[in-house]
Each structure stands twice: as structure tokens, then as C-alpha cells.
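Here are some notes to read with the structure open beside you. Take the points one at a time, and find each spot before moving on.

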Amino acid sequence: MVKFKKNQEPKSHKYWFWCGRTLKGKEKVFEKELNLAANLHYIELWADRSPEIKEIKIGLGVFLKAKVVWQEVNLREEPNISSQSLILLKRGEVVEILEKAIKGEKPRSRNEEIISDRWHKVRYKDKIGYVFSQALEIEGESERAIKEKIIRKAKELNFDTYLALAIVKKESNFFPYAVSSREAKGLFQLTPIALKDIKDEFSPYNIFDIEENIEAGLRYLSKLKNIYYLNDSERELKVIAGYFAGPERVEPFIPLSKQNLSKEIERYIEEVLKFKEEFQKDLKSGGINPKVLILGSFLLTVFLVIVGLGIFTKEDLFSRTSNESFSFFRNTSEKIGKFQKSLEADLDNDGKLEKIYIKEESQKVRGITLVNTKLYFKGNLIYKGNGLFSDIRIADFNQDGKKEVIITLLPSNRALTQVFTFEKDQLKLIPILPDNSFQGFFNRYGIKIIDLEGDGIKEIFVPKGWYFTKDCIGKGEIYKFYDGKLIKFLELRESDVWCKNFKG
């Protein structure tokens, strides 16, 4: 049976939704929401010579479901408690989510701890209205699912998973639509100041998107850990206090004490540490998705052990080529200033492996800890650079019969990668053109070795900017080895080189 949707307005053009004569040159948008039964349907759009159709958009939406978790809650006409109630919903009843996190009036309740002012627009049977966000649990947003997302992202960003869980527990109790009186939002209760601090690295499009909020929160925590309080003896405590009060109120290298801590900050630290301890115990008892955690911990441990042995390279984690190529990626569990490693590679192309010794040294200058990395070959110091040692790669990358040595250091929160050729027991810096003030690649991510043209001659991919999207798309540059120099060969506006195998 064919059904026609006709214009219900009693006008001369009643068989049309509008006509050019009545529009008088203005634009108009027609929107229609259809709730069709499961079946095969056809949609026909009819237009005469006037008006001209500018754009047609058809969206096929599958709405998220959510269940009521309060004993009862009103479905209201507007997102405020004074608007008319359309129906009283009971615990366990299911609604369709039409729109999330709409700002409205914050309810007052004796039975529930209210930590939000957000409502969801929902459909229940034939009624459309608003339900307060804390009264619903949207599918895929259970506490367990959120914890697993935090754990995965924390491992990816090399941040303490228990501390991350503890902070979210304290900040929002794993409720993704929490909003404080100071407009801190989401799981990590991110403030505009915190977001501004990481805007060059990551800027969430939707602060109430669970994955984006988690990434932003963890990146901010990582910045506190790896920049503000990097060499502080009370590093973890400072990270917690700085996250709560702001790093401007918690200075590095000044010991924490009751004299310089407010009671509020002191209580916050105590509660976060208590939650962290609980999560550590919960892991042992299998409380937080033990399959994900135990398997993830096992794989991470295996990864660190194997990487620490120099079997895997940073750019290709599952391959290594004999003695003609050598890569070593620092084991991140090594303590700063305590790191030292000896390895063997044939640098001088005599067919024999020589020992290379890498040592990291730290010294305090005016209260600031400076770190140097030194490289020794045959007992002689052949390279010294400022920053934590990250990795070293040795191979004849450009097939010119000489070994190149690529060293990456981590000064502050950047990566400085320098490329050398080995001649007469010395490392000679390879110039980078056009003019390069650092005489190396200075960025956030380091570099990746690729074979752009599949000819066995390697090129260097250098990501630019501070953030790659979830699809690993970002800007970058490709440098080629040419006549003893590295020449910028290609600029990429959008590239997936960093995460996938680049084929040109």
C-alpha cells in the first residue's frame, strides 16, 4: 500500500510543500522524520521547475537505547523540573536517545547525589521529551565499559592505569555527563584551563564524548607527570595535587607539607590514593574485566621485556634484520639518570660486531635536573646530547655503503632526532635541507623510517603538528638521503604514514 505525505496547509499550492512564487527568492528547509516499520521502503522526491533544489540529505539513524536506573523519573516537555511531565518512567524501562547532554536545570533531590545539569532528549513509545541524564544509563556507557576504555587509553599513553581510574572515580564517579559548579565537565572534570594547556596536543570536539574526554584527561595528566613534575621526588603526589589545584599552585621541587597544602588538597590526595589502592586490589580479585587487564598487562610486560632486549624496533615492532641493521628502543621502566645499556653492531663495516655503550647521566643545576645521553664506541665518547635517551637505529638506510646512526632524545616533552653517518670512528651529523636550526627533527612524535618507492632505499617521515586523529590522519614531511644530505622531498597534508604501512 502506497502512502503519500502531503502538505496539510490549505493553500493554493496544497499539493506542494512550497513553491517559488511564495518563497520570493528566499531559501527554505524541509525536514521530515519518518519512523517506518522494518520492511522495504521507497522514498520519492518530486520537484517542478521552481523552486530549485539546492541540497538533499537523507539520514538513516539507529538510535541508542538507554535504561532508567532511578526508581522513577519524569519524562518532561523541556529540560527543567518545572516543565510538564509527560509520563512517569520506572526503573528498567527503555527509551531511545535522540540527543545527548543538553544543558538544562539542575534538579534538587534528597535521594540522589546530583552532579550534573545535563538532560537527554529521548523518545518513549509515542512521546518525545527530556529525561535528566543521571537517571539513565545509555548502552555502551556502563561503569565497566568506561573503566575498560580508560585502561586501554592509559596503557596506550603509558600512564598509570590505577591512578587514572582513581582520579575519574574521585572526579565524576564514572558518570560521563558530570558538570561541576565551576563548569568542569565529563569523566575527568576538565576545565577550560586544563584544555587550554593541552590544546596544541589534543583538542576534544565534544567534551562529553567518553573517548575524547578520556584522552584529554590522560594527556593533561601525562603533561603534569612528564613536564611539570618530571624529576620531582614527590612526583605522583604532585601530579594528583596539581590536577586538583592546578600546577601554578603546586610548585615542583618544593616538598609537600601541611604548611603549604590546604585541607581540601590534602583530602583530595588521600581519597585518590585510597581509590588507587582499591583498584589495585580489585585487579587481583578480577573485579575490573580481568581478561582485558590481565591479558593487557601480560602483553605490555612481554613487549617491554622484548623491546628492552632490542629485538623489536620502534618503527616496525615485529621485525628485525640480521647484523646489517640494529635498533634499540629504551625500556620505559628504566629510572632517569640510571639508564645504561651496551649493545653490539657492525658500525665500521669490517664484518665484526663492536660494542656500543649508551649511558644516561643526570645532574642538578640550580635545582633543575638536566639529563645527558652519551654514546661510546671502542671506549671513546663519540656522541653527547641533552635529553633522555629514547632509541637508536643503525643501518645503511640509503644503500651508499656507509652505516647511518639515528638517535632520538627526549628533551622536555619533545623528541629530537638526529641522523649521523659513521666515518673514521666518528659520528658525522648529516645536514638537513632546507635550513634546519636544530640540525635534527624536533617534534612531538619522533620519526618513522619508510620505503617510499619500494626500491630498498629508505626515507624519513616526520609528522608535523601535535595530534593525529583517531584514524591516524595528520600532516607530515618526507626527507630523502641525497649526496650526503637529507633533503625535504614531499609535504603531506593528510597522511596515515605514522600508523600504517606507507606505500606511496
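1. Let's start with two helices: which residues in α2 meet which residues in α5? Keep in mind that this is a predicted model. On the α2 side you'll find Ile146, Lys149, Ile150, Lys153 and Ala154, and they meet Ile210, Glu211, Ile214, Glu215 and Leu218 in α5. Sorted by class, this contact has six nonpolar and four charged residues, with no polar ones. An α-helix has 3.6 residues a turn, so residues three or four places apart point the same way. Have that in mind when you look at the numbering in both lists.

2. Now for the geometry of that pair. Two packed helices are described by the angle between their axes and the distance between the axes. Helix α2 covers residues 143-156 and helix α5 covers residues 210-228; their axes come within 10 Å and cross at roughly 45°. That angle makes α2 oblique to α5. The crossing of α2 past α5 is right-handed.

3. Stay with α5, as it also packs against α6 (residues 235-245): here the axes come within 9 Å and cross at roughly 130°. Why call this pair oblique? Roughly antiparallel needs an angle over 145 degrees and roughly perpendicular runs from 65 to 115, so this one falls with the rest and α5 is oblique to α6. This crossing, too, is right-handed. From α5, the residues Gly217, Tyr220, Leu221, Leu224, Lys225 and Asn226 meet Arg235, Val239, Gly242 and Tyr243 of α6. By class, those residues split into five nonpolar, three polar and two charged.

4. While you're at α6, check what is tucked away. Its buried residues are Lys238, Val239, Ile240, Ala241, Gly242, Tyr243 and Ala245. Notice that Val239, Gly242 and Tyr243 are also among the residues meeting α5. After α6 comes Gly246, which has a positive phi near 100°.

5. Follow the loop between α6 and α7 (263-284) and you'll reach Phe253. Phe253 isn't a glycine, yet its phi is positive, about 65°. Is Phe253 buried or partly exposed? Its relative accessible area is 37%, so it counts as partly exposed.

6. Compare that with Asp483, in the loop between β21 (474-482) and β22 (485-495). Asp483 is another non-glycine with a positive phi, about 50°. With 62% relative accessibility, Asp483 counts as exposed.

7. Setting aside neighbours within four places in sequence, Gln189 touches Glu171, Ala178, Val179, Ser180 and Ala184. Its C-alpha is 6.8 Å from that of Ser172, which is 17 residues away in sequence.

8. Pro434 is in the loop between β17 (432-433) and β18 (441-443).

9. Finally, zoom out. The protein has eight helices and 22 strands, and 41% of its 504 residues are buried.

Terms used. Residues numbered from 1 in each chain as written. Predicted model: local features only at pLDDT ≥ 70, side-chain atom pairs only at ≥ 80, totals over all residues. Heavy atoms only, no water. Axes fitted to C-alpha atoms, helices over the stretch in contact; angles between N-to-C directions. Helix = DSSP H or I, 4+ residues; strand = E, 2+ residues; numbered from the N terminus. Parallel < 35°, antiparallel > 145°, perpendicular 65-115°, else oblique. Left-handed = near helix turned anticlockwise from the far one by under 90°. Contact = heavy atoms within 4.5 Å. Nonpolar A, V, L, I, M, F, W, Y, C, P; charged D, E, K, R; others polar. Buried < 20%, exposed > 50% of the residue type's maximum accessible area, 1.4 Å probe, protein only.
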